[in-house]
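Biologist: Hey, I've just opened this one and I'm new to it. Can you walk me through a few spots?

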Amino acid sequence: MDLESGVYRDTIKKESWKTVLTLAYQSLGVVYGDLSTSPLYVYKSTFDEDIQHSETNEEIFGVLSFVFWTLTLVPLLKYVFIVLKADDNGEGGTFALYSLLCRHARVNSLPNCQSADEDLTEYKKENTGLTPKSSFGSSLKSTLEKHRVLQRVLLVLALIGTCMVIGDGVLTPAISVFSAVSGLELSTEKEHHKYVEVPVACIILIGLFALQHYGTHRVGFLFAPVVLTWLLCIGAIGLYNIIHWNPHVYQALSPHYMYKFLKKTQRGGWMSLGGILLCITGSEAMFADLGHFSQLSIKIAFTSLVYPSLILAYMGQAAYLSQHHEMENDYRIGFYVSVPESLRWPVLVIAILAAVVGSQAIITGTFSIIKQCSALGCFPRVKIVHTSSKIHGQIYIPEINWILMLLCLAVTIGFRDTRRMGNASGLAVITVMLVTTCLMSLVIVLCWQKSVFLAICFVFFFGTIEALYFSASLIKFLEGAWVPIALAFCFLIIMCIWHYGTLKKYEFDVQNKVSINWLLSLGPSLGIVRVRGIGLIHTELVSGVPAIFSHFVTNLPAFHQILVFLCIKSVPVPHVRPEERFLVGRIGPREFRLYRCIVRYGYRDFHKDDMEFEKDLVCSIAEFIRSGSIGADCANGDCANGDILNEDDRMTVVGTCSTQTDRIQMSEDDADNRNIAGPSEVREIQSPPPIKRRKRVRFIVPESPKIDRGAMEELQELMEAREAGIAYILGHSYVKAKQGSSMLKRVVINIGYEFLRRNSRSANYSLSVPHASTLEVGMMYNV
């Protein structure tokens with residue numbers, strides 16, 4: 001299956017019941033692994049220090065009531081019934097909300113945006129670009145578009161949520177695996193178990209991260225049975241405990257017990273909310289992983305299985321604890337103490353497997369969100385390995401994987417207890433939810449064009465709940481909550497420095513573009529020898545001639561007969577359809593053989609390998625030549641005076657080879673294979689018989705419409721150049737703050753950005769460029 005085109009077949013999900021139920025089953029292993037393991041540590045973290053379990057049971061029933069209503073209001077009401085509807089063409093997560101706002105309010109942080117991007121199919125959603133109906137919505141939209149400061153605040157808000165997700169990628173594996181392994185307490189002596197738990201947890205974590213490079217392309221069917229078994233297990237044990245120990249525990253679901261709990265415990269009860277918060281750990285995954293499933297499948301899985309199983313599990317633990325106030329072995333309150341003794345070992349094994357599944361899901365999600373940040377220019381370039389040739393979105397980032405592993409081991413060894421891990425994880429989780437609530441309020445007004453009253457009600461209701469939990473988590477700053485703040489701060493600094501440096505570099509390119517008049521004055525030969533071949537000059541500019549081109553012309557003795565200014569950029573949509581991938585135009589008159597090709601990718605798109613990309617690129621230029629939609633204007637010399645100010649209007653949208661069956665196709669055959677006949681309805685333009693060439697290139701051109709002789713000659717020359725080979729010409733930039741810059745700017749650019757640039761992947765890596773075909777020319781940027 002073609003990975004790229006398969007994305008769009010998958011997104012048009014046929015909502016048959018079989019498909020929906022299959023997706024719901026698969027979502028158990030991907031979406032709900034983290035959420036389903038929360039019963040392992042919620043009660044233990046809640047009762048660890050702040051409150052005590054007394055004979056009156058007011059504390060345990062109050063905690064159960066808080067857990068029930070928190071699970072009902074946040075995952076069920078907020079995410080299942082509201083937030084899931086705010087998808088970005090089927091994709092979810094923090095960047096999906098930010099992307100929606102970028103398109104509706106034109107607050108995009110990407111510098112090389114074009115008006116042509118707004119014509120993309122996925123860019124056009126219902127109500128996109130329309131003025132909000134309410135006067136407040138209109139004024140809010142215009143205020144965001146006018147003030148750059150507000151746009152930066154919105155971007156930083158989205159990045160804070162993203163950084164907290166990355167921090168959760170460190171904390172969730174640690175607390176999940178450690179909590180699962182803590183069941184060994186009941187099977188080993190007290191003085192021995194503390195020497196067993198940490199090594200066993202570390203071994204499991206090392207194995208988990210070491211296996212990441214094999215990929216998770218079978219994650220749904222491989223992990224879903226584990227989570228399904230775990231949910232049925234905790235649900236059944238919970239039901240048993242309810243029936244056997246306290247059938248009247250359901251009464252504790254009344255909100256009255258929350259009031260009694262806070263009235264009795266006061267400050268200790270408020271501080272214990274940081275432990276109760278952990279019951280919704282992993283809820284954000286329902287929205288973040290929306291792109292792999294459908295809204296209906298996620299809703300069915302949660303409402304029919306996950307939610308009831310979790311409620312039964314928490315009620316069962318509360319029923320058991322309500323009849324047991326003095327614990328043996330000083331174990332105090334925890335999950336395993338409520339498990340019947342004969343089932344503890346099987347449950348321990350299932351719990352460890354479920355913890356691994358939940359950790360796997362958050363690790364994969366971390367890889368995905370870092371890829372999105374990198375695509376939108378907010379994270380240094382990293383090595384991205386696609387681990388599946390069939391399923392889109394399964395990626396592995398080696399550098400991030402090992403950093404996460406080291407940080408995860410440091411947290412596990414440093415804390416060695418679930419209380420401080422829970423404090424850290426809770427703050428990361430609730431911060432992401434607060435960011436989602438803030439962005440959702442803007443989506444309600446700007447994208448959905450609803451009343452501002454609804455947005456205020458949404459923020460007030462859910463924001464109040466989340467702010468209460470946030471304050472309870474933040475008060476535990478010195479008891480572990482500092483970890484996600486420190487991690488998020490470090491990643492946020494990296495993202496802001498990289499984004500700022502990238503913007504300054506682009507501004508330098510725009511301000512130092514080469515005049516088109518200078519280019520035309522060189523003549524068709526550009527003042528140098530033109531040799532056979534295609535030269536791809538990589539640039540970030542979407543219009544004009546980059547300054548580095550003058551360095552090429554003055555420093556190189558010869559240049560390729562076909563020159564293409566290649567810009568590979570990201571647009572604020574999750575996917576760009578293959579038929580809209582390329583924007584192709586001409587620079588100067590036809591005889592100059594200068595082209596511009598803009599390749600557009602969404603922030604979740606898969607970048608093809610170099611061979612397939614080169615074929616699509618050459619085909620797109622050939623189709624542009626055949627269409628002749630722009631050639632006449634430039635051939636007559638009309639381009640000389642415009643300095644390409646309206647270049648967007650003279651560029652043609654061209655798709656990939658696989659989506660353009662009625663257009664030019666390119667075939668590359670062995671030189672000895674001379675007798676391949678083309679279809680009767682097409683003509684073949686073939687290169688001259690090769691002498692020592694291993695392959696020959698031919699264009700298969702449709703009979704209609706007819707193309708003129710000049711275009712035929714241009715196609716012939718392009719074909720010969722393709723046979724001679726393609727060279728990637730890259731500018732190796734050194735960025736430095738210009739004289740007179742402030743101390744802060746010099747530190748950010750000269751030290752911070754330069755350090756990140758030296759230790760990140762080069763531009764040619766994202767192009768999958770073979771080293772033998774690369775030519776780099778150095779250039780100093782004084783920003």
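Biologist: Let's start with Ser374. Which residues does Ser374 touch, not counting residues up to four places away in sequence?

Modeller: Ser374 touches Phe379, Pro380 and Arg381, with residues up to four places away in sequence left out. Keep in mind that this is a predicted model.

Biologist: Got it. Which helix is Ser374 in?

Modeller: Ser374 sits in helix H16, which covers residues 344–375.

Biologist: And is Ser374 buried or exposed?

Modeller: Buried: Ser374 has a relative accessible area of 17%, and buried means under 20%.

Biologist: OK, new topic. How do the axes of H18 and H19 cross?

Modeller: The axes cross at roughly 170° and come within 9 Å. Helix H18 is residues 418–447, and helix H19 is residues 452–474.

Biologist: So what does that angle make them, roughly parallel or roughly antiparallel?

Modeller: Roughly antiparallel to each other, because angles over 145 degrees count that way.

Biologist: What kinds of residues make up the contact of H18 with H19?

Modeller: The contact of H18 with H19 has 17 nonpolar residues, six polar and one charged.

Biologist: What lines the second largest cavity?

Modeller: The lining includes Ser45, Glu49, Asp50, Arg419, Asn423 and Lys476. Helix H13 (273–276) and H18 are the elements that give two or more residues to that lining.

Biologist: Which of the elements gives the largest share of the lining?

Modeller: H18 does, with three residues.

Biologist: And how does the lining of the second largest cavity split by class?

Modeller: The lining has one nonpolar residue, five polar and five charged.

Biologist: Last one, Leu487. Where is Leu487 found?

Modeller: Leu487 is in helix H20, residues 482–511. At 13% relative accessibility, Leu487 counts as buried.

Biologist: What does Leu487 touch, leaving out residues up to four places away in sequence?

Modeller: Leu487 touches Gly167, Val170 and Leu407.

Biologist: And how far apart are the C-alpha atoms of Leu487 and Ile166?

Modeller: The C-alpha atoms of Leu487 and Ile166 are separated by 8.2 Å, while the two residues are 321 residues apart along the chain.

Definitions and conventions: Residues are numbered from 1 along each chain as its sequence is written. This is a predicted model: local features need pLDDT of at least 70, side-chain atom pairs count only at pLDDT 80 or more; totals for chains, interfaces and linings use all residues. Side-chain values use heavy atoms; hydrogens and water are left out. Axes are lines fitted to C-alpha atoms, for helices over the stretch in contact, and angles run from 0 to 180 degrees between N-to-C directions. Helices (H or I, at least four residues) and strands (E, at least two) are DSSP runs, numbered from the N terminus. Angles under 35 degrees count as roughly parallel, over 145 as roughly antiparallel, 65 to 115 as roughly perpendicular and the rest as oblique. Ala, Val, Leu, Ile, Met, Phe, Trp, Tyr, Cys and Pro count as nonpolar, Asp, Glu, Lys and Arg as charged, and the others, Gly among them, as polar. Buried means under 20% relative accessible area, exposed over 50%, partly exposed in between (1.4 Å probe, protein chains only). Contact means heavy atoms within 4.5 Å. On a 1 Å grid over the protein atoms alone, a cavity is a set of points where a 1.4 Å probe fits but cannot get out, and a pocket is an open set with protein on both sides within 12 Å along at least five of seven lines; lining residues have an atom within 4 Å of a point.
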